[in-house]
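This report is for a reader who is new to the structure shown below. It starts with the chain as a whole and then turns to selected strands, salt bridges and loop residues.

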Amino acid sequence: MAKLQNLEFLTLSGNKLNGSLPNSIGQLSKLQTLDVSANCLIGSLTEKHFSNLTKLVGLNINFNSFRLNVSPNWVPPFQVSSLNMASCHVGPAFPAWRQSQKNFVNFDLTNASISSYIPDWFWNVTFDLLDLTLSHNQLVGRLPDVLTFSGVVYVNLSYNHLKDLGRNSLSGAIPENFEQLWQLKSLHLNHNNKISGGFPLSLQNLTKLGTLDLSYNNFSGKIPKWIGAIFMQLSILSLRYNAFTGGIPAQLSNLSSLHVLDLAGNHLTDSISPALGDLNGMVQEQNINHDLFHEYTEGYYYQERLDVSTKSLILRYTTTLSLVVSIDLSNNKFSGDFPRELTNSHGLVILNLSRNCITGSIPENISRLRQLSSLDLSNNRLSGVLPQTMSSLTFLGYLKLSNNNFSGKIPFTGQMTTFDRAVFHGNPGLCGAPLVIRCAQDNSGRQNNDVKDEDDNGFFDKWLYLSVGLGFAVGILGPVFVLMLKRSWSEAYFNFVDEIVYSLGLERKRKRWGRRNHGGN
């Protein structure tokens, strides 16, 4: 490796390379880009591996099993603009050598086994940082009162333990100066950050946001109406499992690009806004997949990702995220009738309204949701008959209607025949397959058929006996009447009978005479 002194770019990503990197790679003094990401490489990376890489500007060792083993006072010989060490063991301490790097554009330490405070100096940056990803660590600490990297496009601090956010704020609210991040397109502050307070007003200046994920925190208060007037590029909104109250503002229908709306696990009340049926991003069927890549500077991209609840599972979507069209309002306190306007959302793939207090019935035109693959309406107060049109939802692979007040016969045809009785549990008024309870109309129909059969059998028996009697009478009395009416026929008939009787008597006498003669001899 040391013989390749003129090598400037080394890209070996996406192969199945194993083993370790040789120390001699650190002698490639002209190397500008080193990319060995997405392989099966292991071993320690020491200061020798970087000793002479003075011209290095791009380092990508993502998704390997490297362990960074450098001294706490190490100062790298390079100034990189892109540094990616996801899924490598960098911690447990936050890397102090990062303080010497002044040209960062992309900084990714996802799942890097860091379990320490974020140092204050980390936020005092003057370079044009565009992508900051520190998710899936055990970071603790705070966001600063002043953020200097105002040009950042992508921030992902999810799956950490950032609790005390705001130097003088005991509630841990997002600092007001977050509005300086005006170019931000994707913001993930979800999972275990425990950020509290009302919906952050400091986000109002982030007009370019395409993804906003604040799930699994302690935000409270009402969902503001201004979301529908400011985030016009928003395609993904997840406020899952916070403490928001009130209703869903009708202004959300202005978000023409929104195709994922997740408000599950809050304290939202009132009826579900009919305006949700006007979301243009859900009206059209999404048949063409396109990766949700965002370019934050020339040559640098990041791929959007999201955890989506579907079919009682939490699934992470990346490459097919654009095909996910989802509304999840489960585990709230919504009331009122089933929102029939939702059937205008022809592109819906996932609909979850479970664990609310929704009344009314399922509309007949639910068959318009032809793309629906997951439907959960369980644990509500829905009633009425299940529409026959549900059997035409050919993509429906998950259905849960348990613990409601549905009644009548289950339309067990078409796609509905793929579901077992557990889907309908807790609806005592339902009957028919796949349940063991038979419908009353079926039993009455069977009784009517039995009565009809009995009547038919009785009618047949009567005609049978009558025909036998008539046949017997005709057979016996017919000849008598004929013989009485025709004297010549009568004389001929009786003469014929006499001759037969005489012949039989004569034959009998002959046999008796023969036995006597045989015995005498």
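## Surface and overall make-up

Accessible areas come from the Shrake-Rupley method with a 1.4 Å probe, and for residues only the protein chains shown count as cover. On this basis the chain exposes about 26,100 Å², and carbon and sulfur atoms supply 54% of that area. The model is predicted: local features need pLDDT of at least 70, side-chain atom pairs count only at pLDDT 80 or more, and totals for chains, interfaces and linings use all residues. Residues are numbered from 1 along each chain as its sequence is written, and side-chain values use heavy atoms, with hydrogens and water left out.

The chain has four helices and 29 strands. Helices (H or I, at least four residues) and strands (E, at least two) are DSSP runs, numbered from the N terminus. Of the 521 residues, 45% are buried. Buried means under 20% relative accessible area, exposed means over 50%, and partly exposed lies in between (1.4 Å probe, protein chains only). A contact means heavy atoms within 4.5 Å. Among contacts between residues at least 6 apart in sequence, 56% join residues at least 24 apart.

## A parallel sheet

Strands β12, β14, β16 and β18 form an open sheet in that order, and the pairing is parallel. Because β12 (196-197) and β18 (267-268) stand at the edges with a single partner strand each, one side of each has no neighbour in the sheet. Two strands pair if DSSP finds at least two bridges between them.

β12 pairs with β14 (residues 218-222) in the parallel sense over two bridges. Gly-197 has Phe-219 of β14 as its bridge partner.

## A hairpin

β21 (residues 306-310) and β22 (residues 313-317) pair in the antiparallel sense over five bridges. Within this pairing, Val-308 stands opposite Leu-315 in β22. The two strands form a hairpin with two residues between them, and Lys-311 in the turn has a positive phi of about 55 degrees. Four of the five residues of β21 are buried, so this strand is largely enclosed by the rest of the structure.

A salt bridge is a side-chain nitrogen of Lys or Arg within 4 Å of a carboxyl oxygen of Asp or Glu. Arg-316 is partly exposed, with a relative accessible area of 43%.

## Salt bridges elsewhere

The whole structure holds four salt bridges. One of them joins the side chains of Arg-240 and Asp-262, at 3.2 Å from N to O. Arg-240 lies in the loop between β15 (236-238) and β16 (243-246), and Asp-262 in strand β17 (residues 260-262), so the pair ties together parts that are 22 residues apart in sequence. Both partners are buried: Arg-240 has a relative accessible area of 9%, and Asp-262 has 7%. Arg-240, Asp-262 and Asp-328 are linked in a network of salt bridges.

Another salt bridge is formed by Arg-370 and Glu-285, with the closest N and O atoms 2.8 Å apart. Its partners are 85 residues apart: Arg-370 is in the loop between β24 (350-352) and β25 (374-376), and Glu-285 is in the loop between α2 (280-283) and β19 (293-297). Arg-370 is exposed at 53% relative accessible area, whereas Glu-285 is partly exposed at 22%.

## Two loop residues

Ser-51 is placed in the loop between β4 (40-45) and β5 (58-60). At 38% relative accessibility, Ser-51 is partly exposed. Leaving aside residues up to four places away in sequence, Ser-51 touches Gly-26, Gln-27 and Pro-77. The side chains of Ser-51 and Gln-27 are joined by a polar contact of 3.4 Å. A polar contact is a pair of N or O atoms within 3.5 Å; within protein, one must be able to donate a hydrogen and the other to accept it, and residues adjacent in sequence count only if both atoms are side-chain atoms. Ser-51 and Gln-27 are 24 residues apart along the chain, and their C-alpha atoms are separated by 6.9 Å.

Asn-332 is in the loop between β23 (326-328) and β24. Asn-332 is buried, at 8% relative accessibility. A polar atom of the Asn-332 side chain lies 3.1 Å from the backbone oxygen of Leu-263. Not counting residues up to four places away in sequence, the residues touched by Asn-332 include Leu-263, Ala-264, His-267 and Arg-355.
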